Amino acid sequence: MGFAYADPEALTEAQREAVAEHQRRVQSESRRLSLRALREEAELSQVELATALKLSVDRIARMETGDLDRVQLATLRRYAEAMGARLQVKAIREDTHAELG
């Protein structure tokens, strides 16, 4: 995206929308890769993790592809703990954030 480093005020509305869409895509991809990478780093298959957490393999796969809208925090915490990690939740608003929990 050639205009990504331009002054935001100089961008057209279409360019601003394209940048916003790119940022949404990058954030979504990061979330998906981080869960999968965490599992792979722990050298666990989806089947092994699903068995340990008493979840379906399909549910693990959906979580890893960013389908987190209906996942309880307790499930995400168990997922992280199974990898030897901890769950950190942030509420982000513009240039500020609050860590929850």
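Trainee: Why is Glu21 called partly exposed?

Mentor: Its relative accessible area is 36%. Buried means under 20%, exposed over 50%, and partly exposed in between, using a 1.4 Å probe and protein chains only. Glu21, at 36%, falls in between, so it is partly exposed. Note that this is a predicted model: local features need pLDDT of at least 70, side-chain atom pairs count only at pLDDT 80 or more, and totals for chains, interfaces and linings use all residues. Residues are numbered from 1 along each chain as its sequence is written, and side-chain values use heavy atoms, with hydrogens and water left out.

Trainee: How do you know that Glu21 forms a salt bridge with Arg24?

Mentor: Their closest N and O atoms are 2.9 Å apart. A salt bridge puts a side-chain nitrogen of Lys or Arg within 4 Å of a carboxyl oxygen of Asp or Glu. The 2.9 Å value is within 4 Å, so the pair qualifies. Glu21 and Arg24 are three residues apart in helix H1, so about one helical turn separates them. Arg24 has a relative accessible area of 49% and is partly exposed.

Trainee: What makes Glu13 and Arg16 a salt bridge?

Mentor: The closest N and O atoms are 3.3 Å apart. That is within 4 Å, so the pair counts. Both residues lie in helix H1 (residues 13-41), three residues apart, about one turn of the helix. Glu13 is partly exposed at 46%, and Arg16 is partly exposed at 36%.

Trainee: How many salt bridges does the structure hold?

Mentor: Seven. One of them joins Asp67 and Arg62, at 3.5 Å from N to O. Asp67 is partly exposed at 33%, and Arg62 is partly exposed at 31%. These two belong to a network of salt bridges that links Asp58, Arg59, Arg62 and Asp67.

Trainee: Which residues are buried in H3?

Mentor: Arg59, Ile60, Met63 and Glu64. Helices here are DSSP runs of H or I, at least four residues, and strands are runs of E, at least two, numbered from the N terminus.

Trainee: How do you know that the buried residues of H3 line one face of the helix?

Mentor: Seen down the axis of H3, they fall within an arc of 135°, so they line one face. The arc is that of the directions from the helix axis to the C-beta atoms. After H3 comes Gly66, with a positive phi near 95°.

Trainee: Which residues make up the largest nonpolar core?

Mentor: It has 11 residues, among them Leu35, Leu49, Ala50, Ile60, Met63 and Tyr79. A nonpolar core is a set of buried Ala, Val, Leu, Ile, Met, Phe, Trp, Tyr and Cys residues joined through side-chain atoms within 4.5 Å. Helices H2 (46-53), H3 (57-64) and H4 (73-82) each supply at least two residues of this core. The largest share, three residues, comes from H2.

Trainee: What does Ala50 touch?

Mentor: Leu55, Ser56, Val57 and Ile60, not counting residues up to four places away in sequence. Contact means heavy atoms within 4.5 Å.
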